[in-house]
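Please view the sequence and the structure together before reading on.

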Amino acid sequence: MHDFRKLAVMILAPIAASWALPAQAQTEFSGAGENSEIDCNGGTVQIEGASNTLTIRGACTGLNLTGAGNRVVIDLATKSTIRVEGADNQIRWRAPGEARPRISMTGAGNRIMREK
């Protein structure tokens, strides 16, 4: 019986490991002067560019924006982060209930506000 348990663990352990939850998705966008809609699929969005107008949907857990003059509207999950490096970016965010993202901002003229 003891050998059967060892054999069962040896066979089932690799199978169980493959059932682990998938890593969160990361969506990337790079461009200049574009109008786009993006679905973050509940993950993090990486944006690099200038003068883009972006609408991001999908209960995102994070937004990392590097650039200048971008206009972003984003749907956030209950626990989320916004990181901005650059100048004159405008980010309007929506989140469930009273949830608020953690915000980190570097640069001049950036504005981050809750969407009304």
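Is Glu37 buried or exposed? Glu37 is exposed, with a relative accessible area of 61%; buried means under 20% relative accessible area, exposed over 50%, and partly exposed in between, with a 1.4 Å probe and protein chains only.

The model is predicted: local features need pLDDT of at least 70 and side-chain atom pairs count only at pLDDT 80 or more, while totals for chains, interfaces and linings use all residues. Residues are numbered from 1 along each chain as its sequence is written, and side-chain values use heavy atoms, with hydrogens and water left out.

**Confidence**

The average pLDDT of the protein chain is 86, and 78% of the residues score at least 70; pLDDT is the predictor's confidence in each residue, from 0 to 100. Over residues 15-23 the pLDDT is below 50, and this stretch has zero contacts in the model beyond near neighbours in sequence. A contact means heavy atoms within 4.5 Å. Where pLDDT is low, the predicted coordinates should not be read in detail.

**Salt bridges**

Four salt bridges are present in the structure, each defined as a side-chain nitrogen of Lys or Arg within 4 Å of a carboxyl oxygen of Asp or Glu. The table lists examples.

| Pair | Closest N and O atoms |
|---|---|
| Arg57 and Glu37 | 3.9 Å |
| Arg94 and Asp75 | 2.7 Å |
| Arg94 and Glu115 | 3.8 Å |

Arg57 forms a salt bridge with Glu37. Arg57 lies in strand β4 and Glu37 in strand β2 (residues 35-39), so the pair ties together parts that are 20 residues apart in sequence. Strands (E, at least two residues) and helices (H or I, at least four) are DSSP runs, numbered from the N terminus. Arg57 is partly exposed at 38% relative accessibility.

Arg94 forms a salt bridge with Asp75. This pair links Arg94 in strand β6 (residues 90-94) to Asp75 in strand β5 (residues 71-87), 19 residues apart. Asp75 is buried at 18% relative accessible area, whereas Arg94 is partly exposed at 28%.

Arg94 also forms a salt bridge with Glu115, which lies in the segment after β8 (111-114), 21 residues from Arg94. Glu115 is partly exposed, with a relative accessible area of 23%. Through shared partners, salt bridges join Asp75, Arg92, Arg94 and Glu115 into one network.

**Leu63**

Leu63 belongs to strand β4 (residues 53-68) and is buried, its relative accessible area being 0%. Leaving aside neighbours within four places in sequence, its contacts include Val45, Ile47, Ile74 and Ile91. The C-alpha atoms of Leu63 and Gly43 are 9.0 Å apart, and the two residues are 20 residues apart in sequence.
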